[in-house]
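Subject: Structure handover

Hello,

The structure is below, followed by notes on what was found in it. Please look through both when you have time.

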Amino acid sequence: MKQREIAEQEACATIRWVVRDGSALVTCGAGLDIRHIVCGFESCFIAIKNLPLHVKKHEVEELFIQQGVDVSRFCVVKMLPTNNEVGAKVICDSELGKTIAEGLDGSEFQDSFLDVTVDNGGIPNKMGSASERSVNFLTITWELSTITMVAQYATHNDAQTAGKKLKRTKFEGRNVQVKLIRSPQLRTSSTSLKISDLPPSVTTTEIERLSGALAVKISPGAATFDKEDVEKFLKRIMTQRKGFESYEASPPNPEKYIAQARVRFSDRESAERAQEYMESQMSEWGYPQLHFSLSKPLQYVITIPLSQYRAQKGRWDSLPVEGDDNKGAFVRVADNAKDKAFIRVLGEDRTAVGQLKVRVENLVAGESLDSQLWHRSFMGPAGQRLLENISARSKAYVRGDWKSKTLKLYADANAKKAAIRLIKAEIKNLEASEWSESINRRAIGFFVRKGLPTLKQELGEDAATLELLPTPRLIISGGEKARSLVARLIAESCKGIESEAMGNGQDTCPICFDEVISPVMLTCGHFYCTSCLQHLLSTAAERKTFPLVCSGTGGKCKVPIAAPIIQRHLQQQFGQLVEAAVTTYIEKRPKKFRYCRTPGCQQVYRYEKGGRVLECPSCFATVCATCHKEGHEGMTCRQRELMDNPGEQERLNEEWARNEGAKRCPSCRVLVQKTEGCNHMECQCGAHFCWLCLRTFPEAKAVYAHLRADHGGINDEATQRERLAQEQADLALAQRLHNEENGHTGNGGQFQARVQQERVARERARDRNAAEEHQRQLQEMDARMRALSREVREMEERRAAEEQKRAARKEKNDCIIM
């Protein structure tokens with residue numbers, strides 16, 4: 001009864017797991033059904049310091065829960081105890097990270113005050129962990145001043161005794177150098193000591209008192225400088241430089257005889273100019289030799305086997321190296337270690353470094369060969385020795401990737417061909433000695449518990465494999481000895497099947513159809529043999545069918561297996577299975593999740609409406625979460641599409657021209673709009689052309705002649721029809737007035753006067769209407785031009801703002817990562 005209660009509780013349990021090289025967080029339910037994902041683009045890390053030594057993981061989690069954070073949106077990744085405190089690292093949804101950090105920072109927790117910070121640049125990646133720091137510091141170092149004294153003693157023994165005592169004595173934290181002074185002219189033993197590297201503050205009296213010397217004098221030497229005087233001088237010079245922000249003097253290192261100061265500037269360019277100025281003026285100041293250094297803003301480090309590096313030497317040599325033309329991003333390789341090569345990606349351009357970093361990571365990852373170039377024998381010790389032999393013969397580097405069941409190849413072109421040829425030959429040999437034997441499903445339990453271990457012990461670890469799906473079978477490598485052993489085991493399993501009591505009501509395992517041994521009860525009530533369940537779960541990553549469900553009742557149960565049960569029975573393989581579940585989940589939802597734009601980068605982001613710009617935690621590329629193109633802050637996706645699509649811009653221009661009646665100048669192709677006047681057009685480029693047929697002419701007179709000859713006048717047909725209609729209306733009006741005059745007065749003079757007045761009034765009204773229409777058209781055109789100019793200006797401002805933000809992000813995010 002207790003076991004059933006535990007199974008029911010575990011059925012509702014969820015498990016949080018960090019995936020994708022430690023940059024994403026996933027929450028899994030029963031059957032490893034994916035409930036929630038915090039993608040690498042959405043995550044950040046929160047660092048918590050000053051936790052008490054006895055703190056537990058669930059207590060740290062409770063801090064976040066009290067802030068109202070859902071457990072699916074954070075996970076405690078590490079608990080790092082130090083001498084007097086514990087530090088915790090928590091992966092979290094970046095939308096909540098800053099708010100949580102501000103809420104927890106400085107808060108009291110079990111008599112301690114927490115120090116909480118957000119590390120947006122601290123997402124782990126394949127080339128180490130990122131730790132951000134300012135790159136606008138100019139570091140200045142110089143040697144501390146020292147003096148040398150000569151001490152005289154009564155005897156040689158006194159000098160030796162004093163020398164030993166002085167070597168054990170530290171002066172202001174410094175160890176001094178002591179030597180016996182030997183003169184080639186004197187054959188007697190020396191009674192004098194030379195004491196060097198002494199601080200200038202040490203007096204001769206102090207040496208006399210400490211060592212018992214008869215006399216001590218200071219040797220003439222280089223000028224001495226007071227550390228405080230040097231620092232005051234440097235600070236005065238630095239504060240006068242453009243972009244200066246702060247000056248910080250580090251405590252001197254007496255053991256190395258150096259002092260150091262760090263000067264912060266508003267930007268890296270100002271720091272570089274200050275360094276150039278100081279180096280050019282240094283010889284004129286008379287102060288000690290100063291050394292200046294500006295760290296490379298970005299540095300990523302990875303270590304690979306030396307044999308792998310040598311197999312890819314040609315490809316490594318093709319990457320950009322340090323030089324005047326490669327300040328943006330370059331690779332530095334140190335291969336002088338015994339069996340390791342240290343690869344560094346450095347540079348000043350964040351985007352270029354990110355892209356080069358991904359290239360290096362892909363080179364380090366190697367080439368995954370086709371699944372047909374894989375054999376299960378490669379997983380065992382004999383298979384590893386076989387791969388080492390192939391590597392030696394082909395000059396390539398070949399290793400097995402046990403997670404994906406593929407071979408990884410590291411080689412140049414010629415070595416690759418040789419390695420693949422050897423791999424195919426070895427697989428052919430292995431398959432020639434390999435055969436399979438189907439077994440009764442009810443015999444699975446026997447072979448899981450006894451048969452398979454016996455075969456591995458007798459034939460070799462790599463010589464026997466048990467497959468459960470789609471039908472149970474043994475895959476064996478070996479000759480007659482192997483066949484004889486398999487036949488004996490199958491016969492033994494059949495005897496066990498025949499001796500079983502059928503229908504005795506005992507529970508049977510859904511995998512082996514045998515009596516359950518070492519039972520595991522699932523939520524649905526079905527019992528499995530522990531070994532059968534482990535075998536089923538360990539092969540689930542290859543099938544990529546999720547969620548994982550119970551196969552009881554002849555495969556009809558299909559109740560998801562509780563996540564804690566899966567984790568408990570897989571242990572080290574659990575992470576691999578979660579990764580497979582996440583990959584399957586993402587690949588089935590291409591409209592919801594996308595991979596980073598940079599080729600080869602495996603980071604994933606989530607589709608969002610609204611054009612939100614995201615930054616990849618691995619390669620630093622920006623991407624719009626809506627249109628999946630390069631980030632475009634301040635612009636809509638449609639505007640960005642237009643900027644990148646000249647054809648669409650042209651189509652919209654043509655559509656506007658059709659709607660507004662505009663045409664292109666036949667000479668310069670600029671859009672021209674006619675608002676009034678005749679059909680002779682003169683473009684700003686100087687061309688004269690006909691508005692009706694777009695024929696060009698050398699001068700205006702030729703255009704007018706063409707209009708009269710070919711188009712019946714200088715105005716268009718609509719204008720002529722309007723004038724004809726107006727003349728007909730005037731004639732009708734005149735006839736009406738004439739009839740009225742004849743019917744009433746018969747006075748011809750008054751008739752002519754009224755006709756003339758009416759005509760003048762109509763002409764004035766027509767002129768007024770034409771003027772108003774002309775003014776309206778001018779206003780509309782002016783409004784359109786202002787709107788167009790405003791849109792162009794806004795697009796330019798948005799583009800400039802986007803460039804400024806990119807530059808600001810570059811300055812803010814420039815970091816060094818070790």
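Within the largest nonpolar core, which has 64 residues, those touching the most other members are Leu32, Ile37, Phe447, Ile566 and Leu577. A nonpolar core here is a set of buried Ala, Val, Leu, Ile, Met, Phe, Trp, Tyr and Cys residues joined through side-chain atoms within 4.5 Å; buried means under 20% relative accessible area, exposed over 50%, and partly exposed in between (1.4 Å probe, protein chains only). Helix α19 (residues 574–587) supplies the largest share of this core, eight residues. Domain 1 (1–11 + 510–588) and domain 5 (439–494) each contribute at least three residues to this core; the bounds come from an automatic or database domain assignment.

This is a predicted model: local features need pLDDT of at least 70, side-chain atom pairs count only at pLDDT 80 or more, and totals for chains, interfaces and linings use all residues. Residues are numbered from 1 along each chain as its sequence is written, and side-chain values use heavy atoms, with hydrogens and water left out.

Not counting residues up to four places away in sequence, Leu577 touches Leu32, Leu537, Ala540, Ala541, Phe546, Leu548, Ile566 and Leu570 (contact: heavy atoms within 4.5 Å). A second, separate core has 21 residues, among them Leu138, Ile140, Ile237 and Ala261.

His526 is partly exposed, at 22% relative accessible area. Beyond four places in sequence, the contacts of His526 include Pro510, Cys550 and Thr553. C-alpha to C-alpha, His526 is 8.1 Å from Asp507, with the two 19 residues apart in sequence.

Regards

Methods:
Helices (H or I, at least four residues) and strands (E, at least two) are DSSP runs, numbered from the N terminus.
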